[in-house]
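Hi,

Here is the structure I said I would pass on. Have a look at it, and then read my notes below.

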Amino acid sequence: MHTCRRPVVCLVLAVLVALPAARSLAQGGEAHLPSVAPPAYRGRKVVVDFTRRGPQVTSMSVLSQPGGLERRELPATHGVLIFDGESAWQYLPERGVVLKRPSRGDGGEVLQPGQLQRALASYEVRAVPSERIAGRRSQVIEFSPRQAGSRPRRLVWVDVETGLILRTEIYGAEKDRLSWLSVFEELEFGPALDAAAFRMQVPPGVLVVESGEEPCLEPAAAERLAGLPVGLPDYLPEGFARQCIRARRQRDYGEVQVVFGDGLSLLSLFEGTSFRERADDTGGASTVAVGLSAGRWHELGLVTGISWRAPWAHMALLGELSHAEMHKVAGSVRLQTELSPASRRP
Amino acid sequence: MSDMRCEDYRELVSAFVDERLDGAELLSLEAHIATCPGCRAFEVELHRFSGLLQAAEALRPLRRPPPGFAAMVASRAAAEPRTQIIPFPAAPAARRASRVTWLGLVAAAAVAALFFAWSWQRLLPGDLPTQRRIARTAAPVAGQAVAAADEGSMDTWMHEHAMLARGSTILGPAEEIEFASFRAGAPAER
């Protein structure tokens with residue numbers, strides 16, 4: 001096993017052995033990177049969520065084609081998720097709706113060198129011995145948070161030839177116990193795929209709920225659109241930076257979402273003019289003080305949420321951080337005018 | 001527990017679907033399921049039955065079945081593709097209690113399937129409330145578009161959070177969480 005301590009060495013080691021496309025990162029920088037795009041593939045993926053009371057196992061079929069085309073199906077629920085290159089369509093049979101939204105980027109299943117580089121600020125990265133996954137030669141890369149116990153540790157098995165992520169293990173921030181496993185059990189590259197597989201056929205009687213493009217806004221523009229003052233955290237865990245502010249307005253309801261990321265994990269701060277508690281949260285959910293407000297924890301599997309009532313809006317913070325870090329971030333949220341200058345910078 | 005076989009684990013699966021498993025047995029089962037595709041598939045099947053039971057529970061207060069309901073369900077069931085059931089291992093005499101539990105679960109699932117089929121039938125044209133619903137949504141897709149929720153909630157905010165995962169992070173697990181398990185509503189543990 002080879003362990004590396006210095007980011008540059010780690011980057012070179014990890015990406016050189018893992019990704020053919022990333023070899024040029026070390027040689028000439030990102031501008032010269034060829035696109036990392038696996039060929040068309042068909043596979044069967046199993047996801048095991050160990051955070052549930054008894055592991056929850058989900059099996060799904062995956063079809064993918066270059067150009068951002070992807071189809072996932074859950075046989076157990078008949079749920080379907082399709083990326084047709086322009087839009088993402090998610091059919092939820094149990095709700096009788098199809099959610100349609102603009103497709104937000106491709107390559108969710110590919111290790112991107114740029115993102116890897118960003119993660120190096122927050123994670124110790126090392127290459128560990130590999131094994132074959134679904135018959136494919138792989139390299140496994142481990143991401144251990146530099147701020148121990150603050151966020152999950154991850155292991156990623158990457159296909160040596162195509163860069164496709166074959167297996168992911170996520171170990172919870174609280175107990176460093178396996179919390180999430182996602183693995184291809186079967187994988188076939190280069191199958192002939194029917195183009196119709198990447199078009200959503202909306203079943204009769206099913207409602208299509210469509211959301212439009214949402215650009216990233218400056219705080220002032222978000223405030224005007226949502227009709228809400230924007231709160232921001234004065235504290236963020238190491239490596240996290242603000243990525244985007246989105247705002248929505250529908251009739252009397254306004255909502256703002258501020259997104260932070262560290263390259264691997266996302267953190268969303270929501271505020272809305274109204275908030276409806278989940279029916280199952282009214283009883284047993286644990287409470288927590290957020291500033292002077294009474295807040296509530298929401299255990300959503302790997303993701304944890306805190307909701308509370310700020311003087312200016314209903315607030316919620318969602319992310320994969322430890323409880324301590326989530327609480328610290330939530331407790332530091334202030335209106336923008338109250339923040340220290342450093343926190344106001346995007 | 002290290003010398004346990006798949007058939008032993010599958011009895012534990014039945015217990016944990018009923019949320020009666022904890023401690024060392026749960027840990028052992030977690031570790032086994034992570035590496036055994038057969039037992040994993042078995043667990044998926046049991047969860048499906050469990051889901052049917054919940055669906056039946058949710059449907060109970062709706063209303064009485066219409067006349068001819070039983071015959072309709074029987075014909076519909078005959079036309080449906082059969083679900084492949086993974087054979088349950090033969091249990092020794094000492095494990096008959098578990099077998100009884102399993103048979104009870106299958107019987108309950110059959111009842112649940114009847115309720116489920118009935119609810120599905122209610123979505124077909126001919127049923128007055130359903131006709132109203134179809135009339136509201138039968139326009140072409142572009143005309144069906146409606147705006148997002150007009151109230152904040154953990155469900156809608158978790159969805160928004162998860163949908164940002166693709167293209168924003170290396171792994172995008174939040175999207176898989178949302179797609180695979182969040183809606184199942186199973187309680188989470190830390």
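Predicted model: local features only at pLDDT ≥ 70, side-chain atom pairs only at ≥ 80, totals over all residues.

Residues are numbered from 1 along each chain as its sequence is written, and chains are lettered from A and ligands numbered from 1 in the order in which they are written.

**The sheet**

Two strands pair if DSSP finds at least two bridges between them. In chain A, 12 strands make an open sheet with mixed pairing, in the order 7-8-9-10-11-1-2-3-4-5-6-12. Strand 7 (123–128) and strand 12 (207–210) of chain A are at the edges; each has a single partner strand, so one side of each has no neighbour in the sheet. On average, neighbouring strands of this sheet are turned by 15 degrees against each other, direction ignored (axes are lines fitted to C-alpha atoms, for helices over the stretch in contact, and angles run from 0 to 180 degrees between N-to-C directions).

One pair to find on screen is strand 1 (residues 41–49) with strand 11 (residues 178–189) of chain A, which are antiparallel over 9 bridges. Arg44(A) has Glu186(A) in strand 11 as its bridge partner.

**Around strand 9**

Now for burial. A residue is buried if 20 or more other C-beta atoms lie within 10 Å of its own, exposed if 12 or fewer, and partly exposed in between, with C-beta atoms placed from the backbone. Of the 346 residues of chain A, 46% count as buried. Strand 9 (residues 153–159) of chain A is mostly covered, with 6 of its 7 residues buried.

On one pairing, strand 8 (residues 138–145) of chain A runs antiparallel to strand 9 and is joined to it by 6 bridges; there, Glu142(A) is partnered with Leu155(A). Strand 9 also pairs with strand 10 (residues 165–171) of chain A, antiparallel and over 6 bridges, and Trp157(A) stands opposite Arg167(A) in strand 10. Strands 9 and 10 of chain A form a hairpin with 5 residues between them, and Gly163(A) in the turn has a positive phi of about 85 degrees.

Glu169(A) is in strand 10 of chain A. Is Glu169(A) buried or exposed? Glu169(A) counts as buried, with 21 C-beta neighbours inside 10 Å. Two residues are in contact if their C-beta atoms, placed from the backbone, lie within 7 Å. Leaving aside neighbours within four places in sequence, Glu169(A) is in contact with Arg154(A), Leu155(A), Leu178(A) and Leu181(A).

**Cores and helix 5**

A nonpolar core is a set of buried Ala, Val, Leu, Ile, Met, Phe, Trp, Tyr and Cys residues joined through C-beta atoms within 7 Å. The largest one has 54 residues, and Val256(A), Ala316(A), Leu317(A) and Ala330(A) touch the most other members. A second, separate core of 19 residues includes Ala127(A), Trp157(A), Ile165(A) and Leu264(A).

Ala330(A) turns up again in helix 5 (residues 323–331) of chain A, where the buried residues are Glu325(A), Met326(A), Val329(A), Ala330(A) and Gly331(A). Among the elements covering them are strand 13 (231–233), strand 19 (293–300) and strand 21 (314–319) of chain A.

**Two loop residues to check**

Most residues other than glycine have a negative phi. His78(A) has a positive one, near 65 degrees. You'll find His78(A) in the loop between strand 3 (69–74) and strand 4 (79–84) of chain A, and His78(A) is exposed, with 12 other C-beta atoms within 10 Å. Asp176(A) also has a positive phi, of about 50 degrees, although it is not a glycine. Asp176(A) is in the loop between strand 10 and strand 11 of chain A, and is partly exposed, with 13 other C-beta atoms within 10 Å.

Cheers

Terms used: Helix = DSSP H or I, 4+ residues; strand = E, 2+ residues; numbered from the N terminus.
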